[in-house]
Structure formats: structure tokens, C-alpha cells
Amino acid sequence: MQTKIILPEARIPRQWYNIIPDMPGPLAPVIHPGTMQPVSPDDLLPLFPMPLIEQEVSTQRWIDIPQEVLEIYQLWRPAPMYRAHRLEKALATPAKIYYKYEGVSPAGSHKPNSAIPQAYYNKIFGTKRIATETGAGQWGSSISLACQMFGLECTVYMVKVSYNQKPYRKSMMQLWGAEVIPSPSNRTNAGRSILAQHPDSNGSLGIAISEAVEDAATRDDTRYALGSVLNHVCLHQTIIGLEAKAQMEMIGDYPDVVIGCHGGGSNFAGIAFPFIADKAHGKQVRVVALEPASCPTLTRGVYAFDYGDTAKMAPVSKMYTLGHDFMPPGIHAGGLRYHGASPLVSQLVHAGIVEARSVQQLACFEAAVQFARCEGIIPAPESSHAIRGAIDEALQAKEEGKEKTILFNLSGHGHVDMTAYDDYLAGKLNDYEYPAEEIKESLSHLPKVD
Ligand SMILES: *Cc1c(COP(=O)(O)O)cnc(C)c1O
């Protein structure tokens, strides 16, 4: 018997949940990278439209989802939840394993949950064009889709190595009407100065962010968009957890543990924040973030002020960080290779409300393959970190002979990541040692904030 839990369309959440009023303490200020003073909303206006700046600092617990956004969400939402009966059986565990599946969106991940409202608020604010960056291409494809739906132009600076190695994500962006530029490029001062020093540069997420920020800041018709980390992105993603709670309620169950993979924190926040709200009201639920051992921001980083990008152009936030010039090894879960983390998730980890664990690449692929063979869905390499976490919880339940209800977020499918699976199946993938020396070095460059 298979269990697919479908929320009736009429029950699609009409509001996002904003965790800011329920945080365990005041938020740290966001610092201007130039003046090193707290930013004002006006400082952010060259980069973001006012409605998103307002959401970034809003203390309103529930925020209405605009009708125009709901109509597009309805193309794939409510997203299904499944009980992984066949995986439970394969693990011979007494635990129940549920997963929420975000791979049903047109771009194949949770990212359109924020791309759609970001494009919408830019449209109503009068923005004509969005400039953004993408690493592996998942955010780039989601924002291209969203801009297409609202009639905005879109320029994506794509890290050059991915541009060459992941041609299909690039094709998706172009198909949805975006201009895709390999970064570093000669379109910006930031790009030109890198190319002058390193003509063969493969690029990095830090450089691509600098190019997109410069593009947006120097053109009146253009604004910047970021696919993770920021408070308003986490806010938009809470539709995942709100639906999941309603689905759990439909079948009369509730999780003992909620699990998500963690890159910048947006899909984790999405599944977890609505359950953390219950936790604040005395409900017993553990919440666990899984990150790669090669980029262990939450488990080995420090909780400190740091820049959001390598070129020190992005705002400085208090977060777990490995240092803004840390270069993570080239693992296949490209979406998890970020030096920092969401300030909200960071504060919750620091307060002991969220647990964080790191996992190695090979153990994640092993979990992904076992999952695909039981459940059918081929997971994104990023999502495989959450699967590893869920399987480990289920195996622990078996060892202890205890029942346990596990819920994890399957943030996307891996159909455009088959080269990674080819490499895994051919035995060509490696684990990476915890890069202790490099992290120590990059942590010595944190900015000083009083
Ligand atoms: C981008 C991405 C992630 C990581 O980003 P978060 O902001 O941490 O969620 C995880 N899974 C998938 C499928 C992604 O595309």
C-alpha cells in the first residue's frame, strides 16, 4: 500500500509564516559593507524593491500571499507528501518516514517558491529587469521562469565552470527567456578586473554575486535577486512546512523529527519554521539541518559578522560562516557550497533550537541511490543530504527498538544532475576531508564590527 497525501487545492496556504516575532531574541543588525554601520531600508533600495525590503524586517507573524502569486503556485502546489513505505521496509525500521516533495515545480526544486513572489514584487514596484547569479543553475532557472511569467527581463551571471559543465541548466534559463552570461565576464568592473588578473578564471559564486550586484546597482531599471539566505526568501519558503503540517494533520500524525538539507538555509527554513513555531509553544519536535562535510558552515563555522560575498560588496550579517573567501571543494551538491548561512537559521542553531550535522558526499549518494531504488524519485544531490539524515534517524530507531515519525524535505529532483550519478556509479566520486587549514585561514579575515 502506498500513501500519497494530497492537500485539497482549497487548502493551499493563503499566508506565509514569518518567524521573526517568534525568534528567541532580537535580530542582529545588518551592516553596510562600506560604512560598517547598520543599513537603512534606503541603502538597500538600489538592490531590492521596497515590498521585499519591508518583508526582510517585518515583525508581522502572518503575511498574505498575493493572488497573482497564488495563481502561479497552483501550477504545482499544494506539493505532495509521501510515506516512504518501501524505504522503511528496506531499512527494516520501526520508524515511519514521510517526505515532502518539492521537485514537482517546473524548475524541479523548491526555489520557484521564492522566485515567483520576488518577480511579482519587482513587477509591481516597476522593476523592468532582474540581474542575478547562479552557481549550479537551480536558482538561475527558477528566477528565469518567474521573470518570464511576469514579463521581466532577466540576466543571469553563471559561474563559468558550471556554464561549461552544466549545459542543460543554461538551456532551461534560455528557454525561459533569460540572458545567461558566463562569469567572470567583461560586462562589469568586477568581472573585468578578475579577467585582467586571471584570464582563464573558472569563476566562483562570490565573483558572480559581485557582477550581478554591480549590474543592478548601476542601472535604474534593474534590481538584484538572491535565491537563499535572506529573511524574505525563508519567509516565502514556509509554504512548504505549512502545507506539510496540514498534510500531517490530515492523516492524524505529527513528526518527532523534521529534517532538511542546508546550503543557504531556504528549503530548511521552509520545512522547519512552521514546526519551530509549535516547538516554541511546548510541542516536542526535533529539527535537524544537514550540510556537507566539505562545506560545514553550521557545524564548524563561527557565529560572527561576515560579508555575504567574496568581493565584500554584499551586506555584512551575523551568521555561521566559514569566512567569505573560503573556497569549498567541488562537490556535486553545488547548491550547498556557500560559506555563510541564513541569519535566522544561524540564530536558531546558536540558541540550541535547531540541531546541525554534517555528512560526507559518498554516504549521501549511497542514500540517494537507495531512495531512488525504493521510492522511484531520483533526488537532487543537495536533497540527498536530507535523505541521509532521515535514513540515519530511521536506523537509530531500529537500533533502539523505538517507534519514531520522521519528516524530511525532498527539495528537488536530480534529472539535470545525472553526470554526478554517472560518476558515483562509476566509482569516481570521493569524500573530502574537513578542510581545517583553509577554514582557519579564511576565518582570520572576518570583518570587525563593534
Ligand atoms: C539550491 C538548492 C538547495 C540549497 O539551498 P537552500 O537555500 O539551503 O535550500 C537544496 N536543494 C536544492 C534542490 C536546491 O536547488
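In this predicted model, E355 and R286 form a salt bridge whose closest N and O atoms are 2.9 Å apart. E355 belongs to strand 14 (residues 355-359) and R286 to strand 11 (residues 286-292), so the bridge ties together parts that are 69 residues apart in sequence. Both ends of the pair are partly exposed: E355 has a relative accessible area of 31%, and R286 likewise stands at 31% relative accessibility.

A search of the whole structure gives 19 salt bridges. One of them joins the side chains of R11 and E249, with an N to O distance of 4.0 Å. R11 is partly exposed at 41% relative accessibility, whereas E249, with a relative accessible area of 58%, is exposed because the value is over 50%.

A further bridge is found within a single helix. D392 pairs with R388, and their closest N and O atoms are 2.9 Å apart. The two residues are 4 residues apart in helix 16 (residues 384-400), so about one helical turn separates them. D392 is partly exposed, with 24% relative accessibility. R388, by contrast, has a relative accessible area of 11% and counts as buried because this is under 20%.

Salt bridges also join into a network, which is made up of R77, K100, E102 and E243. The side chain of E102 makes a polar contact with the side chain of N113, at 3.1 Å. N113 is located in helix 5 (residues 112-125) and is buried, with a relative accessibility of 0%. R77, for its part, is joined to P78 by a cis peptide bond with omega about -10°. P78 lies in the loop between helix 3 (67-73) and strand 4 (81-83).

Another cis peptide bond runs from S183 to P184, where omega is near 10°. P184 is placed in the loop between strand 8 (179-183) and helix 9 (189-197). M36 is a residue other than glycine with a positive phi, near 60°. This residue is in the loop between strand 2 and helix 1 (41-44), and its relative accessible area of 24% makes M36 partly exposed. V229, also a residue other than glycine, has a positive phi near 70°. V229 is buried, at 11% relative accessibility.

Attention now turns to the ligand. Around the ligand are 19 residues, of which K111, S228, G263, S266 and S411 come nearest. In the side chain of K111, an N or O atom is 2.6 Å from an oxygen atom of the ligand. For the side chain of Q138, the corresponding distance from an N or O atom to a ligand oxygen is 3.2 Å. G264 takes part through its backbone, where an N or O atom lies 3.0 Å from an oxygen atom of the ligand. On its own the ligand has 380 Å² of accessible area, and the protein covers 98% of it.

The make-up of the shell around the ligand can be described by residue type and by domain. By type, the shell residues divide into 14 polar, 3 nonpolar and 2 charged. By domain, at least three residues come from domain 1 (34-56 + 111-231), and at least three come from domain 2 (66-108 + 233-443).

Key:
Residues numbered from 1 in each chain as written. Predicted model: local features only at pLDDT ≥ 70, side-chain atom pairs only at ≥ 80, totals over all residues. Heavy atoms only, no water. Near = heavy atom within 4 Å. Polar contact = N/O pair within 3.5 Å; in protein donor to acceptor, adjacent residues only side chain to side chain. Areas by Shrake-Rupley, 256 points an atom, 1.4 Å probe, with all protein chains shown as cover. Nonpolar A, V, L, I, M, F, W, Y, C, P; charged D, E, K, R; others polar. Domains from an automatic or database assignment. Buried < 20%, exposed > 50% of the residue type's maximum accessible area, 1.4 Å probe, protein only.
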